[in-house]
Amino acid sequence: MAEDWKKTLSLYVNQSNQDEVDYRMRADHTLITDLDYLLRRGEQKRKLDEWYRARGAVPLRCETRARLLREIERREGEMEVELLLARKMDYEKGGARHQEERIVKQRLTLQREGESWSVTRVFQPVPERSAPPVLPGAEEGRNYRQQGEAGRSPRPFLNRDILGAGGLRSNPYRREDAVLYADRWWDGFNPEFAAFEVDCTNYISQCLFAGGAPINYTGKRESGWWYKGYLGGREAWSYSWSVANALERYLTHSDAGLRAELVSRPEQLQLGDVIIYDWDGDGAYQHSTIVTAFDAGGMPLVNAHTVPSKHRYWDYRDSYAWTENTVYRFFHIADRF
């Protein structure tokens, strides 16, 4: 009986998996007693149902692999745990089958109820909303974790074809290379770079760089687009490399090196292009993604970090971060630099 809570945890994962594709009323026994979560989840399922219908898509199946990250606290008749849920979602649109992948974390409280256990609290983080807007000269949030050996500074990955001894010269944006990098690292971190808890823009910058985007090194964090790593224990990269709000400003105004054209519709984007999101419509952009595929209707599918995602539908209406006020910036990256 001591580990019966794990059986309830397994039932919860199965139920959560089913909820991703089946939006009908449940007829089975009560497992979750967190009423606030049930209200939010019920509204989210209603929105998902409308979202799929509006897209002309049909959810087919969801496969969820769960990993118990840690037991946060064990009390008499109660457990608090953190889960990692890796989901593969299959859906059909226009006669074609698509698959997207996503990795999310949840924190659960389970409580013994007589001879059984129930889930009394579900905390669903919304990390895409966590990226702080950065103004010129301001310090960005320091919630990062460094990868690799303790005390070792990540080495910058230099694109020497662009920054060679012969000076700056015109090079094409290798969109396929940017996408290959995005698909290689969507669920992990390149150990030669710093990694952040809010990692979306750092990841996008690496993808752009892998596609041949030229570094614009100014030595000033509030200008240019550049990365060196940790120098003397200090962060040495531009805000535009690591913060969505700063990257949005850089792509909007840059007229040399890494450049982009602001377009009005997602259908105008190509592989390797960038979408930046302002969830509240207040002008402070909080999230970045890169286009890595298209669905059967020609709409972009994107990769992202922070909530690791692969081939996710571009509008993010399935995210708890999305609101009716969400504003998108569609950036078509220049074909040549």
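Start at His-311, which lies in strand E13; strands (E, at least two residues) and helices (H or I, at least four) are DSSP runs numbered from the N terminus. The model is predicted, so local features need pLDDT of at least 70 and side-chain atom pairs count only at pLDDT 80 or more, while totals for chains, interfaces and linings use all residues. Residues are numbered from 1 along each chain as its sequence is written, and side-chain values use heavy atoms, with hydrogens and water left out.

**Stop 1**

With His-311 selected, look at its backbone: phi is positive, about 60 degrees, although the residue is not a glycine. His-311 is buried, with a relative accessible area of 18%; buried means under 20%, exposed over 50% and partly exposed in between, using a 1.4 Å probe and protein chains only.

Next select Asn-303, in strand E12. Asn-303 is buried, because its relative accessibility is 0%. A polar atom of its side chain lies 3.0 Å from the backbone nitrogen of His-311. The side chain of Asn-303 also has a polar contact of 2.8 Å with the side chain of Asp-183. A polar contact is a pair of N or O atoms within 3.5 Å; within protein, one must be able to donate a hydrogen and the other to accept it, and residues adjacent in sequence count only if both atoms are side-chain atoms.

Then move to Thr-306, in the loop between strand E12 (300–304) and E13. Thr-306 is another residue to check for backbone angle: its phi is positive, about 80 degrees, and it is not a glycine. At 16% relative accessibility, Thr-306 counts as buried.

**Stop 2: Asp-295**

Select Asp-295, in the loop between strand E11 (287–294) and E12. Is Asp-295 buried or exposed? Its relative accessible area is 5%, so it is buried. Its side chain makes a polar contact of 3.0 Å with the side chain of Lys-93. A polar atom of the Asp-295 side chain also lies 2.8 Å from the backbone nitrogen of Gly-297.

**Stop 3: the aromatic rings**

Show the rings of Phe, Tyr and Trp (the six-membered ring of Trp); two of them pair if their centres lie within 6.5 Å, and planes under 30 degrees apart count as stacked, over 60 as edge-to-face and the rest as tilted. The count comes to 22 aromatic pairs. One of them is Trp-51 with Tyr-313: the ring centres are 5.8 Å apart and the planes are at 75 degrees, so this pair is edge-to-face. Trp-51 is in helix H2 (residues 35–55) and Tyr-313 is in strand E13 (residues 309–313), 262 residues apart in the chain. Trp-51 is buried at 6% relative accessibility, and Tyr-313 is buried with a relative accessible area of 6%.

Arg-55 lies over the face of Trp-51, at 4.2 Å from the ring centre, and its charged end sits over the ring of Tyr-313, 3.8 Å from the centre. A charge sits over a ring if NZ of Lys or CZ of Arg is within 6 Å of the ring centre and within 35 degrees of the ring normal.

Widen the view to the cluster linked by ring pairs, which includes Trp-51, Tyr-313, Tyr-52, Trp-314 and Phe-330.

**Stop 4: helix H4 and the cores**

Select helix H4. How many of its eleven residues are buried? Eleven of the eleven are, among them Cys-200, Asn-202, Gln-206 and Leu-208. Cys-200 is buried at 2% relative accessibility, and Cys-207 is buried at 0%. The model has zero disulfides, a disulfide being a pair of cysteine sulfur atoms within 2.5 Å. Just after H4, Gly-212 takes a positive phi of about 105 degrees.

Now show the largest nonpolar core, which has 41 residues; Leu-208, Trp-225, Leu-251, Leu-258 and Ile-333 have the most contacts inside it. H4 gives the most to this core, with six residues. A second, separate core has 26 residues, including Leu-48, Ile-275, Leu-301 and Phe-330. A nonpolar core is a set of buried Ala, Val, Leu, Ile, Met, Phe, Trp, Tyr and Cys residues joined through side-chain atoms within 4.5 Å.

**Stop 5: the E7–E8 hairpin**

End at strands E7 and E8, which form a hairpin with two residues between them. Gly-232, in the turn, has a positive phi of about 60 degrees. The two strands pair in the antiparallel sense over four bridges; pairing requires that DSSP finds at least two bridges between strands. Select Tyr-227 and look across to E8, where its bridge partner is Trp-237.
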